[in-house]
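Subject: Structure for you to look at

Hello,

Here is the structure you asked about. My notes on it follow below the view.

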Amino acid sequence: MDRRAFLACAALVPLSGCLEFLEDSGEDITEPGDVEIVWHDLVRDNPGTDDERVVVWGAVRNVGDRTLSYLEVRATFFDEEGEELETVIENVDADVSSGEEWPFEIEFPRFGEDAAAVTTYELEPATGV
């Protein structure tokens with residue numbers, strides 16, 4: 001598949017439209033079970049300041065049988081009471097063969113006190129091509 005066509009589609013059309021384009025073009029959408037998150041960690045920069053930021057770093061592994069060229073990973077951030085603060089979807093754009101791993105980084109979109117409120121998070125692979 002032409003990567004530039006896919007990226008243009010992703011930028012201009014809602015995700016469901018891209019997925020329909022991919023299905024119509026013969027590309028298979030990978031089930032999230034074909035990808036596993038092998039490690040992850042929450043990192044804080046500048047804690048206790050107005051510039052505090054929160055980032056989740058991690059790596060995913062292709063556990064399916066075919067090479068993947070695109071994957072989305074969803075992070076949901078929670079406060080101390082378990083209330084959802086924000087959900088962020090990050091895409092990983094790389095050609096990765098079966099068994100290989102590749103890194104991702106998902107940043108909480110707010111800084112300072114809002115970032116300081118993040119106490120936990122959940123990760124899940126969303127879709128892959």
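Two rings of Phe, Tyr or Trp (for Trp, the six-membered ring) count as a pair if their centres lie within 6.5 Å, and planes over 60 degrees apart make the pair edge-to-face. Please bear in mind throughout that this is a predicted model.

Aromatic pair

By that definition, the structure holds one aromatic pair. The ring centres of F77 and F108 are 5.1 Å apart and their planes stand at 75°, so this pair is edge-to-face. F77 belongs to strand β3 (residues 71–78), while F108 sits in the loop between β5 and α3, so the pair ties together parts that are 31 residues apart in sequence. Are the two residues buried or exposed? F77 has a relative accessible area of 0% and is buried, because the limit for buried is under 20%. F108 also counts as buried, with 0% relative accessibility.

Sheet

Three strands make up an open sheet, ordered β1-β2-β5, and their pairing is antiparallel. The edges are taken by β1 (35–45) and β5 (101–107); each has a single partner strand, so one side of each lacks a neighbour in the sheet. From one strand to the next, the twist averages 20°. Strands of a sheet pair through backbone hydrogen bonds, in either the parallel or the antiparallel sense. Between β1 and strand β2 (residues 53–62), the antiparallel pairing runs over ten bridges. If you want a place to look along this pairing, H40 stands opposite G58 in β2.

A loop residue

S69 is found in the loop between β2 and β3. In sequence, S69 and V92 are 23 residues apart; in space, the distance is 8.2 Å, C-alpha to C-alpha.

Confidence

How far does the confidence reach? The mean pLDDT of the protein is 79, and 72% of its residues reach 70 or more. Where is confidence lowest, and where is it highest? The lowest mean, 42, belongs to helix α1 (residues 3–12), and the highest, 97, to helix α3 (residues 113–116). Over residues 1–26 the pLDDT stays under 50, and for this stretch the model has 21 contacts beyond four places in sequence. Where pLDDT is low, the predicted coordinates should not be read in detail.

Regards

Note on methods:
Residues are numbered from 1 along each chain as its sequence is written. This is a predicted model: local features need pLDDT of at least 70, side-chain atom pairs count only at pLDDT 80 or more; totals for chains, interfaces and linings use all residues. Side-chain values use heavy atoms; hydrogens and water are left out. Two strands pair if DSSP finds at least two bridges between them. Helices (H or I, at least four residues) and strands (E, at least two) are DSSP runs, numbered from the N terminus. Axes are lines fitted to C-alpha atoms, for helices over the stretch in contact, and angles run from 0 to 180 degrees between N-to-C directions. pLDDT is the predictor's confidence in each residue, from 0 to 100. Contact means heavy atoms within 4.5 Å. Rings of Phe, Tyr and Trp (its six-membered ring) pair if their centres lie within 6.5 Å; planes under 30 degrees apart count as stacked, over 60 as edge-to-face and the rest as tilted. Buried means under 20% relative accessible area, exposed over 50%, partly exposed in between (1.4 Å probe, protein chains only).
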